[in-house]
Amino acid sequence: MHNRLKIERAEFNLTQEQLSKRIGVSRQTINSIEKNRYVPSTILALKLSELFGKSVNEIFILDETD
């Protein structure tokens, strides 16, 4: 799976720190998601989806190998 989190965050002009505070996680969590080292929980994915006004599938994209 890969994601568009860094792109979405940039479009909203948010730093990792600002985004993390808005959704209640650490900056390291945001960094790990952006670098595909961590797959977010359903709740976290839904919070990001709601914040950016996009579906979860628009932010997180399954690869053929997933």
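Biologist: In which helix does glutamate 34 lie, and how is a helix defined here?

Modeller: Helices are DSSP runs of H or I with at least four residues, strands are runs of E with at least two, and both are numbered from the N terminus. Glutamate 34 is part of helix 3. This is a predicted model, in which local features need pLDDT of at least 70 and side-chain atom pairs count only at pLDDT 80 or more, while totals for chains, interfaces and linings use all residues. Residues are numbered from 1 along each chain as its sequence is written, and side-chain values use heavy atoms, leaving out hydrogens and water.

Biologist: Is glutamate 34 buried or exposed?

Modeller: Buried means under 20% relative accessible area, exposed means over 50%, and partly exposed lies in between, with a 1.4 Å probe and protein chains only. Glutamate 34 has a relative accessible area of 14% and is buried.

Biologist: Which residues is glutamate 34 in contact with, leaving aside its neighbours within four places in sequence?

Modeller: Contact means heavy atoms within 4.5 Å. With those neighbours left aside, glutamate 34 is in contact with Asn3, Leu5, Lys6, Arg9 and Gln16.

Biologist: Which residues of helix 4 are buried?

Modeller: Helix 4 covers residues 42–52, and Leu44, Ala45, Leu48, Ser49 and Phe52 are its buried residues. Seen down the helix axis, they fall within an arc of 140° and therefore line one face of helix 4; the arc is taken from the directions from the axis to the C-beta atoms. The face turned away from this buried side carries the exposed residues Thr42, Ile43 and Glu50. Among the elements covering the buried residues are helix 1 (5–11), helix 3 (27–34) and strand 2 (60–61). Just after helix 4, glycine 53 takes a positive phi of about 70°.

Biologist: How many aromatic pairs does a search of the whole structure find?

Modeller: Rings of Phe, Tyr and Trp (its six-membered ring) pair if their centres lie within 6.5 Å; planes under 30 degrees apart count as stacked, over 60 as edge-to-face, and the rest as tilted. The search finds 1 aromatic pair. The ring centres of phenylalanine 12 and phenylalanine 52 are 5.0 Å apart and their planes stand at 70°, so the pair is edge-to-face. Because phenylalanine 12 lies in the loop between helix 1 and helix 2 and phenylalanine 52 in helix 4, the pair ties together parts 40 residues apart in sequence. Phenylalanine 12 is partly exposed at 38% relative accessibility, whereas phenylalanine 52 is buried at 5%.
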